[in-house]
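Here are a few exercises to work through with the model open in your viewer. Try each task before you read its solution.

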Amino acid sequence: ESGGPPEAPAPPPVDPDLARALQLIDAGNFQEAVGPLQRLVERSPNLEEPRLRLAETYSRLRQFTNAAAQYQILAERPGAPPDRLLRLGLANALAWSAKPLDAVPVYRAYLAANPASREARLSLANALLWSEKWSDALSEFREVKKFSQNDTTVGLAIGQCLEGLEQLEQAQEEYEAVLRIDPANREAQTARRRMVETRTQRRVTSLVEQRQFDTAADVLLDYLETEPESAETVLQIARVLSWGERFRESSRYYREYLDKKPNDAAALRELGLVQLSIPDLAGARETYARLTSARQPLKEDLEGLIKAWTWEGRYDGAQSAARQLLAMDPGNRLATEARQGLYRQEKQRTLENARSLSEAGRYGEAYDLLRDVADRFGADRQVELDMARMLAWNKQPEKAIAAYRDYLQRYPEDRAAQLDLGDLLRWEDEAEAARQSYARVLEVGPENARALLGLAQLADQSGVSRQNVAAAYRRVLEFQPDNSTARTRLEELTPAIA
């Protein structure tokens with residue numbers, strides 16, 4: 001027998017799946033390592049190392065839900081001693097598997113045994129932050145900051161917690177502190193801008209609710225100086241100014257905004273309303289023309305364009321929009337008024353031309369224009385009467401008499417027209433018809449001097465006694481002493497009577 005030491009026992013054989021998995025992990029081929037590890041776990045579910053390796057591999061592959069499941073099994077094994085690193089792995093897997101709130105008690109349990117672990121406390125703080133537990137997260141981040149005053153990541157997280165707690169001024173201060181450490185930190189720059197904008201918007205909202213529009217506009221103008229490229233701020237200034245009825249200034253800011261955002265139809269529509277309120281009708285026409293150039297313009301845009309034309313009395317320019325609007329809304333009041341306004345305008349122009357022709361003694365041409373008015377726009381009382389007069393003055397007595405009679409059938413109370421007809425009939429030697437016309441006037445106005453004069457002249461022409469004729473003229477002078485026709489004829493008759 002040899003006197004040497006006994007030989008050491010041979011090491012247990014390594015499972016080929018485990019050996020293969022470890023080789024793949026060392027080579028960084030984590031996805032390929034999953035298969036062998038899963039087979040090991042299925043064969044030997046109570047072995048710790050294969051399941052721990054599988055959990056770690058899942059974490060490296062960012063399959064955190066699968067990792068958490070394996071860590072959970074390890075942590076809950078009957079009789080298994082608490083493993084602090086295992087707990088930390090489980091907490092991390094839960095946090096990264098979109099279950100940060102489930103990770104919180106696991107982190108706290110780990111920190112109870114390892115209170116100085118900065119990594120675990122930072123992870124806990126993040127889990128609370130992701131769960132929007134702002135106050136608890138803030139406390140944990142402040143604990144972490146005690147060990148790393150210049151950690152900008154922690155500073156940003158503290159700012160985010162303060163935002164969540166609506167402590168915006170303190171949040172802004174925290175972001176500014178980060179920028180003092182790292183002026184180029186883009187996340188802090190963005191957060192600070194967000195704080196300034198949010199605080200500005202809240203102040204503006206409060207001022208608008210109090211109808212302090214001028215002050216709200218000043219606040220926005222100050223903000224615009226710090227963010228000159230903010231198109232939304234320009235639009236908000238335009239709106240606040242319009243609410244304060246500072247329409248001309250509002251219009252300028254709307255145009256500035258639309259230079260940057262030319263396709264914003266809502267802002268263009270608001271500009272149109274502001275321009276109507278100024279009123280800048282030429283500008284409103286341009287604005288609404290852009291809006292109504294769409295294939296299917298909105299009703300309100302067509303109405304805006306009609307207003308921009310008709311408020312200036314230019315009904316002709318409104319007709320295209322009025323036709324479109326009536327096709328869309330047959331009873332639309334604005335479109336109907338625009339069409340009627342054009343008719344009134346054209347009618348008035350034609351009547352004025354007819355009046356000018358009449359004053360120039362061109363009665364036939366004046367009658368033709370009046371006839372055109374009646375045909376196009378429908379005859380009204382004045383047009384019918386003027387047509388009858390033009391025929392009389394143009395020495396067309398038969399047509400004039402017919403026109404007067406037709407007119408008086410509709411308007412028998414018109415004493416002036418009845419007198420015109422009586423005079424015309426008298427001139428045409430239709431004495432009895434003339435007498436009836438004068439009599440109709442005297443039935444309602446026995447003192448009418450013109451009707452009395454017409455009867456006196458009929459008597460004068462008929463050859464009745466000079467005493468009766470003179471008496472008729474005297475009756476005219478009773479009611480109209482300055483009637484020169486009656487007085488002159490009476491003076492002529494007096495010597496003969498004497």
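**Exercise 1. Find which helix gives the largest share of the lining of the largest pocket.**

Solution. This is a predicted model, so let's read it as one.
- Step 1: start with the elements that give two or more residues to the lining: helix H22 (397-410), helix H23 (415-427) and helix H24 (431-444).
- Step 2: pick the top contributor. That's H24, with six residues.
- Step 3: The whole lining has 15 residues, and Leu-408, Gln-418, Leu-421, Ser-437 and Arg-440 sit nearest the pocket's centre.
- Step 4: sort the lining by class, and you get seven nonpolar, three polar and five charged residues. The volume of this pocket is about 250 Å³.

**Exercise 2. Work out how many cavities of 30 Å³ or more there are, and what lines the largest cavity.**

Solution. 
- Step 1: count. There is one cavity of 30 Å³ or more, and the largest cavity has a volume of about 30 Å³.

**Exercise 3. Decide how the rings of Tyr-363 and Trp-393 are arranged.**

Solution. 
- Step 1: note what you need. A pair of aromatic rings is described by the distance of the centres and the angle of the planes.
- Step 2: the structure holds three aromatic pairs. For Tyr-363 and Trp-393, the ring centres are 5.6 Å apart and the planes meet at 65°, so this pair is edge-to-face. The cut-off at work is that planes over 60 degrees apart count as edge-to-face.
- Step 3: Tyr-363 is in helix H20 (residues 363-377) and Trp-393 in helix H21 (residues 381-393), so the pair links distant parts of the chain, 30 residues apart.
- Step 4: check accessibility. Tyr-363 is partly exposed at 23%, and Trp-393 is partly exposed too, at 44%.

**Exercise 4. Is Ala-335 buried or exposed, and which residues does it touch?**

Solution. 
- Step 1: locate Ala-335 in helix H19 (residues 333-359).
- Step 2: apply the cut-off. Buried means under 20% relative accessible area; Ala-335 has 0%, so it is buried.
- Step 3: skip residues up to four places away in sequence, and Ala-335 touches Ile-306, Ala-322, Leu-325 and Leu-326.
- Step 4: look along the chain. Glu-303 is 32 residues away from Ala-335, yet their C-alpha atoms are separated by 7.5 Å.

**Exercise 5. Now do the burial check for Gln-319, and find its contacts.**

Solution. 
- Step 1: Gln-319 lies in helix H18 (residues 319-328).
- Step 2: its relative accessible area is 6%, so Gln-319 is buried.
- Step 3: leave out neighbours within four places in sequence, and the contacts of Gln-319 are Ala-338, Arg-339 and Leu-342.

**Exercise 6. Find the residues with the most contacts inside the largest nonpolar core.**

Solution. 
- Step 1: the core has 52 residues, and the ones you want are Tyr-107 and Phe-141.
- Step 2: zoom in on Phe-141. Beyond its neighbours within four places in sequence, its contacts include Leu-122, Leu-129, Val-154 and Ile-158.
- Step 3: apart from this core lies another, of 46 residues, among them Leu-351, Tyr-407, Tyr-411 and Ala-459.

How values were computed. Residues numbered from 1 in each chain as written. Predicted model: local features only at pLDDT ≥ 70, side-chain atom pairs only at ≥ 80, totals over all residues. Heavy atoms only, no water. 1 Å grid on protein atoms, 1.4 Å probe; cavity = no way out; pocket = protein on both sides within 12 Å on 5 of 7 lines; lining within 4 Å. Points joined across faces, edges and corners; volume = space filled by probe spheres on them. Helix = DSSP H or I, 4+ residues; strand = E, 2+ residues; numbered from the N terminus. Nonpolar A, V, L, I, M, F, W, Y, C, P; charged D, E, K, R; others polar. Core = buried A, V, L, I, M, F, W, Y, C linked by side-chain atoms within 4.5 Å. Buried < 20%, exposed > 50% of the residue type's maximum accessible area, 1.4 Å probe, protein only. Contact = heavy atoms within 4.5 Å. Phe/Tyr/Trp six-rings, centres within 6.5 Å; stacked < 30°, edge-to-face > 60°.
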